[in-house]
Each structure stands twice: as structure tokens, then as C-alpha cells.
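Subject: Model handover, backbone notes

Hello,

My notes on the backbone follow below it.

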Number of protein chains: 2
Amino acid sequence: MRKTKSFDLRSYMEAGKKEIEAGLDGYLPPETAYPESLHKSIRYSVFSGGKRFRPILCRASFEACGGKGTCIMPVACAIELVHTYSLIHDDLPCMDDDDLRRGIPTNHKVFGEAMAVLAGDALLTLAVDLLVREGAKVLGAERTIGVLEDLLHAIGSDGMVAGQVVDMESEGGGVGAETIEYIHSHKTAALIEASGRCGALVAEAGEILITHVSEYGRKLGLAFQITDDILDAEGSFGTLKAGVSLDKRKQKATYPDVFGLERSKQMAAHLVDEAKDSVADMGAGALPLLSMADLVIRRLF
Amino acid sequence: MRKTKSFDLRSYMEAGKKEIEAGLDGYLPPETAYPESLHKSIRYSVFSGGKRFRPILCRASFEACGGKGTCIMPVACAIELVHTYSLIHDDLPCMDDDDLRRGIPTNHKVFGEAMAVLAGDALLTLAVDLLVREGAKVLGAERTIGVLEDLLHAIGSDGMVAGQVVDMESEGGGVGAETIEYIHSHKTAALIEASGRCGALVAEAGEILITHVSEYGRKLGLAFQITDDILDAEGSFGTLKAGVSLDKRKQKATYPDVFGLERSKQMAAHLVDEAKDSVADMGAGALPLLSMADLVIRRLF
């Protein structure tokens, strides 16, 4: 792992989180909107203490590609809504059956399973709606369609949902290197890669820059999921996955299962280095991206 | 109920069904696309014998508004994918808990609950993806964004999902006229209204025509759900809802519960007449719309 030039990542992430949350609050229907139960359920999960890693990465990529202003906000917030929808559905009893997420009860534990299914459905719809309505206003129709193409490809039946399916089908073990890479690339990395790419698309970056941030997002996203696996394997549930259903989690295919703990750590560190290499030539504007990459691997130390 | 000029609706619907199904087949990833289980699950529900009422209505509205050619196909097919996603999720054990739909086992009965959740998620994503990718090619970015705005509004947390939430929360009875109208307008009529409106939008119809077909869709959609309620109440499960979990269905808020059977029939017939009135001045091109309206009420006789 190489060091990154001094950069106050903590302040950057905190400021980013605040701005993203203000954006989300403004875009989402209020809790008082009918049916209140649905909007409460939606807001419960959206404002449940996420780090806003993906939307902050999206904006960092936008700025690294020369983008300025707030036109990235609908895109960044839509990505966070997609992420939240995926978490609510993943936590369902028929899926990962998790009782807690980020230290608080999961959506279906509070609002019931049916509402959790519907809140997830509504969030995916709201995410696209946000792009179509607010996004199109500031980006124009053409650019919005471009962003949508990219995002939808990342999260559909050849993207995030595909990763989830293969993950589910691989429970119980016996999974090889190719399959575990497929799962993590699709389940986790695809949306992180899209966060980077969409930032570049909104900034109207050229092909070369788009390739750089895509590569960055793909490598970093994979490293992100591998470090999650490692933390789970090492039992660091207190920090990250408080209350995760251990039995369920243990059946999941993970990098440490396939490659062992040490090799998984090396792979994660190597991927983070590769992610940083991808954007190393982008100048000072890419400092947040470099620093966010360090954040992913720092969780292990 | 007034009669409509002679029109061979049966041939029209059959031809429409064939064309829509060819479109769906072309747009959807093949069953052999990885992960095969997901794509099998998706195709199982999409090709499970639906009448294709919504996409045919969408195209009929498009043509009634002067639209020509096949540019309506991505929109019509996207609407059917949205409809299918909503059925898969509605049938889940935590929702309506239905074992059969259209006489065959529901998605989760065949593929399991987790896959049914994910197939629904993938279908909603694929529906938007179809509009963004194929729709934008033939309609251009501006028109596609317009269609998306309309469709998403109809199916989100203030549309179809909202109707589903209130429906679920109203189980057990004690529901008033206003609530049951809200449920049916949102759960069922919103997507049927959007089918009509989107047809008009793609045809680049003027405001007046758009209002006409919207009104038509709204009234007809409400009539559609009321006749469903009536058929359920009369126990015509053989025709329409073979294998529906009777207990569950009985707890649902319905028009016959609130207004009685006879008044519900009158209301449905009146709504169909109003729907037809809305498009009565649109000339010969609106014949399919008029005839499709008759189809809804004819189910009762």
C-alpha cells in the first residue's frame, strides 16, 4: 500500500455526507406524504447512518474530471437511493435475513416484510425519477439518458442483481475463484464503478478520463467487498456489521474462503494500489479519489 | 353500458398480443444469459399467459393519437415489464401470498422467494433500461425523458406502490369509499392511465388529446379493478384468479364490500361509459380504445 499526499479526508467525507444528506432530504417525499408509513419506511433506511461513500465518490470523480457546481447532486443522490434499495431487499428474511444494519434494526424488522419489499421498490423508482426529473433539468435530456444507461446497466440482471443471484446460489461453499470474483464485481463493484463513471459522464469527460475513473471504481469496488469479507472473517462485527446473522453470513462465498485470509489482504491492497494508479495522472483534482481509496484498505489496519 | 361500433376486437387483441410478445422476447435477455436461473425466472413470469392489456392499450392510444410505426414498442413492452414486476412482488408470501397466477404456480413457488424478489427488481430495472436504450434510439432523448417522467410518477411512492401499501394496510376491512377509491386508482388504474398517456406522448399528441386518453385510462383502470373485485366476490375464480388464496383475498378491501355488489356493477359500467365518452370525439382511430373499454365490462356479463 502506497501513501497518498496529505489530504484531510475526514473533513472531506464529513462535509460530503452533510451535503448528500441535505440533497436526499430535499429530494425525497416528506414523512408526512401519504401513505406516511411508506415514506417513513423509506426515510428510515435512507437516513440510517450510511457513510455516503458512493455519492461522495461520484462527486469526487465529477470534480476530478473538471466538473463544477451542483449538477452532480441528483446523480449522486440517485446512486445512494439505489444503494439503499439494494440493502433493504438484501436484508429480507428470504435473502440474507439480517436483523440489524449499521447497528439498528433492519427495515423489515421495524416496518414488516411487505413494507420492506415495497420501500425497496419505491426507492428504485424514486432513484430513476430523481434523475429523470431533477437530473434532466440541470443536465439536459441527452446527458441524463447517458447517465441512466450506465447506471441501469450496473444494477440490472447483468449487474448488481446478477451478483446477488449468484451470491445467493453460492451459499454453502464450494465456490471457485472465478465465481467469487463475479459475485463481488457485480454485487458490489458494479455500483461503485458506476458511481465513478457517472461522475465523469456528468462532467462530460473524454473517453480517456472515463476509462480511468471506471478502472478506479471497478478495482476499488472489488477491494471494498474483499475487505468486508476479511473483516467478517476476522469477526470485526462490532465495527461494521453489528448484529449480522452470523450463521447466514458464514454460508456466504467469500474471498478468505477461496484464497485464505493473508492472500485476500494482499489482493485487496493490490487492487487499491491499482485503483490509485488508474487516476494517478489526473492531477491534484484526483486527490480525494486517491484518499478515498486509502480509506477502503485502511479499514484492515 | 352503450354499444360500440362493430370492431373485431378478438383479432385485434390476438394480433396485438403476438406482436407485444415478439417485442418482449426480443428485448429481454435470453434464458441462456448468465445467471440463467434469474433470466429463466424473469421469462417464466413475463411469458405466463398475460393478455397484454396494458401494452395493447398503450399502442391503441398511440395510434388513436395519430402515431404510426413501431416506435411505440419499447414503451409498450416496458409497461408490460413493470406490470410483471408488480405481479411477482404482489404474489410474495409477505404480500398477497398467492400460489397460482393465471392458472400456473407463481414465481416464488417455482424459483423461491429470494429469486422472486430479485426477478421483480431486475424487471423494473429492465423496463427503465428498455426505455433508456431502445426507446431513446427511436424517440430521442427528450421524448424518452417525458415518457419516463409519466411512467415513474404512475408507479412510484405516490402511484402504484402507494396503492399497494394502502391496500395492504386496509386488510381486514373497515375501509371507506375514499380509501378504496385511492387504493384502486393507485394500485391498478395509475399504470393503465399511464399506458394511455404514454401512447399519446409518444405520438406527440397535443394537450387536449393527452387529457382525453388520460381520462379514458383512469376511468377504465378503475373499472378494471372494480370488475376484478366483483368477479372475486362472485367466486368466478375459475376464469380469472384460479388458485388465488381465498382467505387472503377475502381480507382485501373491495368495492363490493364498501358499496355492495349491485352498486359496484353500476359504478363499473358507469366508469366504462365515462371512459368511452372521453375518447368518443377522437374519430375512427379510437375504435380499438372504445372496444377495449367494452371488454373490461363484458367480463361481468
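Start with Arg102(A). This residue is partly exposed, because 15 other C-beta atoms lie within 10 Å. The cut-offs: buried takes 20 or more other C-beta atoms within 10 Å of a residue's own, exposed takes 12 or fewer, and partly exposed is in between; C-beta atoms are placed from the backbone. Arg102(A) is not a glycine, yet has a positive phi of about 50°. Look for Arg102(A) in the loop between strand E1 (100-101) and strand E2 (104-105) of chain A. Helices (H or I, at least four residues) and strands (E, at least two) are DSSP runs, numbered from the N terminus.

Some ground rules. This is a predicted model: local features need pLDDT of at least 70, side-chain atom pairs count only at pLDDT 80 or more, and totals for chains, interfaces and linings use all residues. Residues are numbered from 1 along each chain as its sequence is written, while chains are lettered from A and ligands numbered from 1 in the order in which they are written.

Next, chain B. Glu204(B) is no glycine either, but its phi is positive, about 55°. Its place is the loop between helix H8 (177-202) and helix H9 (207-233) of chain B. Glu204(B) counts as partly exposed because it has 15 C-beta neighbours inside 10 Å.

Now the cis peptides. In chain A, Tyr34(A) and Pro35(A) are joined by one, with omega about -10°. Pro35(A) sits in the loop between helix H1 (9-27) and helix H2 (36-46). In chain B, the bond from Tyr34(B) to Pro35(B) is cis, with omega near -5°. Pro35(B) is in the loop between helix H1 (9-27) and helix H2 (36-46) of chain B.

Best wishes
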